[in-house]
Amino acid sequence: LSEELGNTEFIKLRAAVSKDILTPRLDTKMSIVEEIHDRVNKIRIELTGRDPCHVTICGHNLGGGLATVTGFYLACNNDLKLASPIQIVTFASPRVGGKEFQRSFQHLEDSGRILYARFTNLNDMISLRPFWAISGSWKFEDWYKHVGMHICLDTRSIQGFDLDYRRITGLPDELWNLIKSYFCGNSKKSS
């Protein structure tokens, strides 16, 4: 991926989210994310033979951060045969990476390798974390960044949600229609 973007091979990830799943285990010498990749590939072969598969990852709170990093890792590996982009759905997920991570994630979105819907409640404090910048810097470009499409669940609005998404050719309308059809059909109606 770094060669495609023409940038450094390093991205800044929040240790609270990435340390445990990216550090190689002593017994297997593989990280948890690498083990997940291998298991997904084995299950794909068992279920479909050699055909591509669909992968959806879901998480809440810290699990949302773990889902984001895991989905990013799986989308970066071209050896996993996918029938569609890696799909990530999170609820109340914290920020997990810096601007390099955000830029790399957006590249995966633009290339059709990942699709991410990040749900939050209107006044959700977890999704605002971490509050402080990487390395204690107060410069905005050093802060942790959110990625993916943000859907804020807001019962004060008529629709019941608010959508904030960076436009990507071909993908946003499909996602927007799916989300809109789900929430508009299930949102609270005033009496």
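Helix H2 passes helix H4 in a right-handed crossing; a crossing is right-handed if the near helix is turned clockwise from the far one by less than a right angle, and left-handed if anticlockwise. The contact, meaning heavy atoms within 4.5 Å, is made by Ala16, Val17, Ile21 and Leu22 of H2 and by Leu62, Gly65, Leu66, Val69 and Thr70 of H4. By class, this contact has 7 nonpolar, 2 polar and no charged residues. In this classification Ala, Val, Leu, Ile, Met, Phe, Trp, Tyr, Cys and Pro are nonpolar, Asp, Glu, Lys and Arg are charged, and the others, Gly among them, are polar.

The model is predicted, with local features needing pLDDT of at least 70 and side-chain atom pairs counting only at pLDDT 80 or more, while totals for chains, interfaces and linings use all residues. Residues are numbered from 1 along each chain as its sequence is written, and side-chain values use heavy atoms, with hydrogens and water left out.

Two packed helices are described by the angle between their axes and the distance between the axes. H2 (residues 15–22) and H4 (residues 62–76) pack at an angle of about 60 degrees, and their axes are 9 Å apart. Axes are lines fitted to C-alpha atoms, for helices over the stretch in contact, and the angles run from 0 to 180 degrees between N-to-C directions. At this angle H2 is oblique to H4. Angles under 35 degrees count as roughly parallel, over 145 as roughly antiparallel, 65 to 115 as roughly perpendicular, and the rest as oblique.

Leu66 lies in helix H4 and counts as partly exposed because its relative accessibility is 27%. The cut-offs are under 20% relative accessible area for buried and over 50% for exposed, with partly exposed in between (1.4 Å probe, protein chains only). Not counting residues up to four places away in sequence, Leu66 touches Val17 and Ile21. Leu66 and Thr90 are 24 residues apart in sequence, and their C-alpha atoms are 9.6 Å apart in space. Ser18 is found in helix H2 and is buried, with a relative accessible area of 8%. With residues up to four places away in sequence not counted, Ser18 touches Leu13 and Thr23.

Helix H4 also packs with helix H3. The angle between H3 and H4 is about 60 degrees, and their axes are 10 Å apart. H3 and H4 are therefore oblique to each other, and their crossing is right-handed. Val33, Glu34, Ile36 and His37 in H3 meet Thr70, Tyr73 and Leu74 in H4. The classes in this contact are 4 nonpolar, 2 polar and 1 charged residues.

The loop between H2 and H3 (32–48) holds Thr28. Thr28 counts as partly exposed because its relative accessibility is 35%. The side chains of Thr28 and Glu35 are joined by a polar contact of 2.9 Å. A polar contact is a pair of N or O atoms within 3.5 Å; within protein, one must be able to donate a hydrogen and the other to accept it, and residues adjacent in sequence count only if both atoms are side-chain atoms. Lys29 is also found in the loop between H2 and H3. Lys29 is exposed, with a relative accessible area of 60%, and has a positive phi of about 65 degrees although it is not a glycine.

Ala92, in the loop between strand S2 (86–91) and helix H5 (99–110), likewise has a positive phi, near 55 degrees, in a residue other than glycine. Ala92 counts as buried because its relative accessibility is 12%. His146 is found in the loop between strand S3 (114–121) and strand S4 (149–153), and at 19% relative accessibility His146 counts as buried. A polar contact of 3.5 Å links the side chains of His146 and Arg118. Leaving aside neighbours within four places in sequence, His146 is in contact with Ser93, Pro94, Arg95, Gln102, Arg118 and Ser127.

Overall, the protein has 6 helices and 5 strands. Helices (H or I, at least four residues) and strands (E, at least two) are DSSP runs, numbered from the N terminus. From the N terminus on, the elements run α-α-α-β-α-β-α-β-β-β-α. Buried residues make up 42% of the 191 residues. Among contacts between residues at least 6 apart in sequence, 72% join residues at least 24 apart.
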